[in-house]
Amino acid sequence: MMLLYRIYQILIMLPLMLVATILTAIITIIGSALGGGRWFGYWPAKIWSRVMCWLAWVRVTVTGKENIDSSTSYVFVANHQGAYDIFTVYGWLPHNFRWMMKQELRKIPLVGYACEVAHQIYVDKSTPSRLRHTMERAESLLRGGMSVVVFPEGARTWDGSVRAFKRGAYTLAVEFGLPVVPLTIDGAFSVLPRFRRLPRPGHIRLTIHRPIIPPAEGHDTATLIAQSREAVLSALPASEKP
């Protein structure tokens, strides 16, 4: 059965994924250039993500949609199990947002430019001034009423367990008084971990937790990190908890 699936991947899935990715990038670039960046920076990629899951025979289910409001800005923080985390959040999180993403992704042909014109936030840590510019771009988006999604672990896990959370996203949440919404992704590690190149069929569960409101009286990022990480861990099986 797995042999037939690999043949399907090579002959059908991968070519269709390539076509879908190129079309999505072109539509995003053209739409954003025409002034529709808020819409074209979200909806084409949302449809693309669902197509990528459908082609790989990956099913996604969501719980907790009632915990967020489409008219409110949030800082979403999610654990990072594998490549299909992006498709899961993009395709099934019912909220317009932008990513805080690695600077290296800018080098992907066509896709990197599409992300740039759609106002995704590339995190450049090469110098203090460039990191400050990254934070300024994020602040500009949040002032405009947009939400952001961050993987506070910084990179995909190697073994499925959740690593320590970094504080960058929480600094933004505290500065703007925005709710932090933890997202738990469960199952993406089995579909496509960072040490494999091709996905396998699976079921990914996305849990949207209740917002955590930053304290009004102080910049307590440590408490925010601890609370959000605890929420993320609460929806994972014991085998994936550190």
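Let's begin with C53: its sulfur is 17 Å from the closest cysteine sulfur, which belongs to C115, and that is too far for a bond. A search of the whole structure finds zero disulfides, a disulfide being a pair of cysteine sulfur atoms within 2.5 Å. C53 is buried at 1% relative accessible area, and C115 counts as buried at 16%. Buried here means under 20% relative accessible area, exposed means over 50%, and partly exposed is in between, with a 1.4 Å probe and protein chains only.

A word on the source: this is a predicted model, where local features need pLDDT of at least 70, side-chain atom pairs count only at pLDDT 80 or more, and totals for chains, interfaces and linings use all residues. Residues are numbered from 1 along each chain as its sequence is written, and side-chain values use heavy atoms, leaving out hydrogens and water.

Now, how many salt bridges does the structure hold? Two, counting a side-chain nitrogen of Lys or Arg within 4 Å of a carboxyl oxygen of Asp or Glu.

One pairs R106 with E116, the closest N and O atoms being 3.1 Å apart. R106 sits in the loop between β3 (97-102) and α5 (111-117) and E116 in helix α5, so the pair ties together parts ten residues apart in sequence. Helices (H or I, at least four residues) and strands (E, at least two) are DSSP runs, numbered from the N terminus.

D186 pairs with R205, at 3.3 Å between the closest N and O atoms. D186 is buried at 10%, while R205 is partly exposed at 33%.
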